[in-house]
Amino acid sequence: MEKDGTGVLSHKLLNDKRNCSHCGLCLVVCPTYRELLTETASPRGRLALINQAASGGLHISSNLMEQMYQCFGCMACDEICPAGAEPSGLVLELRNVREKTNPAVWKKLLFNGLVRKPDIMELASSPFRIYERIGLRRLVGLARKVNLLPDRISDWEAMLPNIPNRPLRQILPGVAEAKGESHYRVGFFLGCMQSLFFGRGSAATVRVLTRNGCTVLTPKDIQCCGMPSVSYGRQDLAKEQARHNISVFEHANVETILTDCATCGSMLKSYADLLEDDQIWSERAATFSRNVYDISEFLMKIPLVKPQHRIERRVTYHDPCHLRRGQGVWKEPRSLLGLVDGVDLIELVEADWCCGSGGSQLIGHYSLSRKVMQRKIDQLKNSGAEVIASGCPACQMQLNAGIKRRGLQVKVIHPVELLDWAYHGMRY
Amino acid sequence: MGIPWNEVLKLKNQFVDDLIKITGKDGILTTPEDLAVYSYDGTFEEHRPDIVALPQTTEQVSRLVMLAGSKRIPIVPRGMASGLAAGSVPFSGGIALTMTRMNRILEIDLNNAIAHVEAGVITAKLQTEVEKYALFYPPDPSSNRHSTIGGNVACNAGGPRCLKYGVTGDYVLGLTVVLADGRVLKTGGKPIKDVVGYNLTALFTGSEGTLGVITEVLLRLIAKPRQHRTALIEFNSLADACYSVNAILMAGIVPAAIELMDVTAIACVEQVMKLDLPTDIEAMLLIEADGKYKKSVQRDIDAVVEICKANGARKARIAQDEDERENLWKARRLVSASLARLAPNKIGEDITVPRNAIPETVERIKATSAKYGIPVVIFGHAGDGNLHPNILFDKHDPDQLGKVTKMVEEIFNISLEMGGTLSGEHGVGMLKRPYIQKALGFESIEIQKRIKHAFDPLNILNPGKIFSD
C-alpha cells in the first residue's frame, strides 16, 4: 500500500462525480472562496486537487489535506454544479482515503472512544454543567464585557448555550404518551448535541409531538449518528454506528424516525448510501433512511392542533446546510414558523449561506470561520429580527457566538421551540 | 555551464521574499497545491505557474511587474479564470497575477452615469450595485457571476444583450494599466467623446493581458430598461429561424437579444435542467425586447412573433411573468456548462459570421460532425451571427483528440470561407493562436507584433498568447 494513499482511492473518487468542466460557477456560492478569494479555497480548486491526487499528479500531502479540511461542507457547490460534480462530497471521500493510510490516533480516541459512548460523553461534558452551575460562567461573561478574554476563547465560550443541569437523555421518558388519542407511534433520534447542550429544543420537540397525537419513543442506547466520524475521515466508524442505530430502531418497532438535529437527520438519511455496498445491511439501511424525517418535515405533513398563544416577535430563519441541501428541506421550517399567530416572519438575506460552523470550523479554522460568521451576523442585524430560528445545534452555537461578539439582543432557538411557546406559553 | 540547482533555489527564495515584501505574506502562494489550482481556466488546458501573486492595489501590481521585469519573469494576468481560450493559462510559467482581491467599486457617479471599479470586481456584482440606482451595465457574458470586469475588458467580452447594447468595449471609457516596465498609465476619462491622440483604451480592450495589466476601469452606464418581454419561438427549420432574425431587424425592431439554440442544445439543457423545452424541433429562438414603456415593449414582442410566424415558426410562447422569463433565460445561460454532463471534455468555439450565412455555416459544421463521428452542439447569438459550436469529446481518448484538432481547424475554415471570423467574444488566447495568420493575414500580424514589442519589449506580459513569440 502506498503511503500517500493514491493506491487506495475508492470508486467514489473515480466516478463521474468528479467530472469538472472548470466553468467556475461554484466559486459564486462558496463561503470560503468569498472570504479568501483564492482558487485554492474554492470548490473548483479542491476538485482539481482531488483529481490530481487521484491521478498521481500530486502527493496527498498534509497541505493538500489542509485544503480538504478547510472546506465547510456546506454543499452549495454540489447544488450549483451543472456538470453534476460533487466537490464537497469528494472532499469527505479524500479525508476518508487519507485516514485509511495515515490514521490519526486522536481521531480514534475521540470518535471511537468518546463519541460512540453516550455515558462517557455525558461524563466528559460534566465540567461544562458544573461551570454553568457554580456561577463561573457569569464571571466569564463579565470578563468578556470588559474585554479581558482573548477573542478565540471568548468566541468558543460564547458558542455554548445555557447548559441544562442534566443531559436530556437522562430526563426524557423512554415512551412519552400522546396527549389525548394517539394517532402516530414515532421514534425520536435524540442527537448527542441536542441532549447535552440543547435539551431545551428537544424537550420542546417531544412536547409538540405529544400535543399533536404522537406517542414518542426515545431509545436511550443509540450512538452518535456518525457525522463527526465521516467529517474527519472515519467512514469505517460511521458505518459501525449506522449499523448499531439501525438495529436499535428496528427493535423499537417504529415506522417513522424523527430527529430535530439537521446534521443527524442528514446523516441518518444517508445510511442507505453509506451501507450501499454492504450485502447484509444495504436493504435494512435503505428502509431505515426512507423512514427518517426532520421534525419540521413531519409536522408539516400531519394535521396540527391550533396553537392558542400569540407570539409577538420579529422572527427570522437560518437554513442549516445539512437541512437545506443535505435533506432538501427548506420550505417546511418556514411554514412551521408562519403557523404561529403574531409572528412577523422576516426572510434573512442569504439565509441559505453557511454560517461558518461547518460542525467545528470555529475551532478548526478560527479566523476563516469567524469571517463567514460575521457576514451572517451582519445580515441578522440588518433584518432587525429579535429571534433567529435554526434547527441545527452547530448553527445555533455559531449564531450564539456571533451574536455575543456583536452584542446583539437576539434569541437563538430551534424552530419547533416557537411552536412549543405557541402551545405552552413563551419560555425565555 | 549553468547555475547549480541550490543556487537557483536560493535565487527563487530570494525572489519570493521580495514579492512578499510587496504584497504581504497572504498575497504570495507557492505550494504545489496552490500552483496546481492556478494552472487552468475554463478550458481543459493546464500549465502550472511558478508563483501566484494576489495584489490588492495598483501600486502593488506596479511593483510586482517592475520586479518581475527586472528578472525577466513572465507575468500572466488572471481574474476568475472562466476564460474559454486558455488566455490566462500560464504556459510560460512565471507569475499568475491574480486580480481577484482588487475587488472594490471605487465610485458610482450618478450624475454622469459612470462607474469606477477595480479589475477584480465580479461583473454581476457591479450590475447588482448599479441597478440599485436604476442604472444598467449591459454586457452580460454567460459567466457574469464568475468572471471579473478586468477579465471582461481584457477579452472584450460579449453576451446575448450585445445585439442591442454592444460589447464590453463599448462601455469602457478609461483604464488604469500597469505597463511592462511597471509604469502606471491612465487612458481616457469621464468625457464620453474624446479624440485626442490614439485610442489606447480601445487598444488595451481585448489585448488579453499582452500589452499591460488592467487594474482599474471607468465604465459608462445607461438607464436601466424597466420593461422586458421574452418570447420562445420554435422552428421546424433552422433556415426559417435565421431568415426570421434578419426580417425582424429589417423591420426596424432591435430586440435586446436574439438567441439561437439548435436541437442538440435544447436536448442537452432539457436533460439537465428539466425546463419543459420542446425537443422535437430543429431550432429555437429566444428573443427579448426591452425598453422603458410596457406598451411599446409589448408591441415589439408581438411584432417579433408575427414576423416569425410569417416566416415559418411552428409555435411561439411569450413568458407571462418574471419567473417564466427567468426560466427561459436560465436555459440559455446554462447551456455551455450543461454540456459538461454529456462528455468529459468540450471545446466551445465562438465563430462569428454574417447573419445570412448562419444556415449554411451550421449545415457545414453538422457535416463536419457527421464526418468525424463526434457530436457538436450549436447555439449562439443569432442576432450578431455569433455561433457557439461545442465539440464534445474525451481528451483521454487519443483517437478523439486527433479528430477534434482537425474539426476545430475545419470549423475555423468554414467560418472564414463564409466571410466570418475566429472569435466574437472569447478571444484568441492559446487555443486560436495557430489560426490567426490565416484569419488576419501577414501584414496585420506583423503590425500587431510591432505594437506588442513597443509595449512589452522583453515579452514578459502573457507571453505566447495571441501570437507565437
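**Salt bridges, sheet and chain contact in the predicted model**

Over all chains, the count of salt bridges comes to 54. The structure is a predicted model. One of these salt bridges joins Asp151(A) to Arg405(A), with the closest N and O atoms 3.5 Å apart. Asp151(A) belongs to helix 11 (residues 151-159) of chain A and Arg405(A) to helix 25 (residues 393-406) of chain A, so this pair ties together parts that are 254 residues apart in sequence. Side chains of opposite charge can pair when their charged atoms come close.

Chain A is assigned domain 1 (11-102), domain 2 (114-159), domain 3 (168-299) and domain 4 (314-424). Between domain 1 of chain A and domain 2 of chain A, the C-alpha centres are separated by 34 Å.

Chain A also contains an open sheet of 5 strands, arranged in the order 1-3-2-4-5 with mixed pairing. The edges are formed by strand 1 (175-176) and strand 5 (292-294) of chain A; each has a single partner strand, so one side of each is left without a neighbour in the sheet. Strands of a sheet pair through backbone hydrogen bonds, either parallel or antiparallel. In chain A, strand 2 (residues 184-188) and strand 3 (residues 214-217) pair in the parallel sense, over 4 bridges. Arg185(A) has Thr215(A), in strand 3 of chain A, as its bridge partner.

The contact between the two chains was examined next. Chain B contributes 32 residues to this contact and chain A contributes 30 residues. The size of an interface is often given as the accessible area lost when the parts come together. For chain B and chain A, the buried area is about 2400 Å², with carbon and sulfur atoms giving 54% of that area. On the chain B side, the residues that lose the most area to chain A are Glu33(B), Tyr40(B) and His146(B), which together account for 24% of what that side buries.

Across the interface of chain B and chain A, 1 salt bridge is found. This salt bridge is between the side chains of Glu39(A) and Arg78(B), at 3.2 Å from N to O. Polar contacts between chain B and chain A number 17 residue pairs, with both residues at pLDDT 80 or more. On the side of chain B that touches chain A, two or more residues each come from helix 2 (32-37) and helix 12 (335-338) of chain B. Helix 2 of chain B gives the most to this side, with 5 residues. By residue class, the side of chain B that touches chain A consists of 15 nonpolar, 8 polar and 9 charged residues.

Key. Residues are numbered from 1 along each chain as its sequence is written. Chains are lettered from A and ligands numbered from 1 in the order in which they are written. This is a predicted model: local features need pLDDT of at least 70, side-chain atom pairs count only at pLDDT 80 or more; totals for chains, interfaces and linings use all residues. Side-chain values use heavy atoms; hydrogens and water are left out. Contact means heavy atoms within 4.5 Å. Buried area is the accessible area (1.4 Å probe) that two parts lose on being put together, summed over both. A salt bridge is a side-chain nitrogen of Lys or Arg within 4 Å of a carboxyl oxygen of Asp or Glu. A polar contact is a pair of N or O atoms within 3.5 Å; within protein, one must be able to donate a hydrogen and the other to accept it, and residues adjacent in sequence count only if both atoms are side-chain atoms. Ala, Val, Leu, Ile, Met, Phe, Trp, Tyr, Cys and Pro count as nonpolar, Asp, Glu, Lys and Arg as charged, and the others, Gly among them, as polar. Domain bounds come from an automatic or database domain assignment. Two strands pair if DSSP finds at least two bridges between them.
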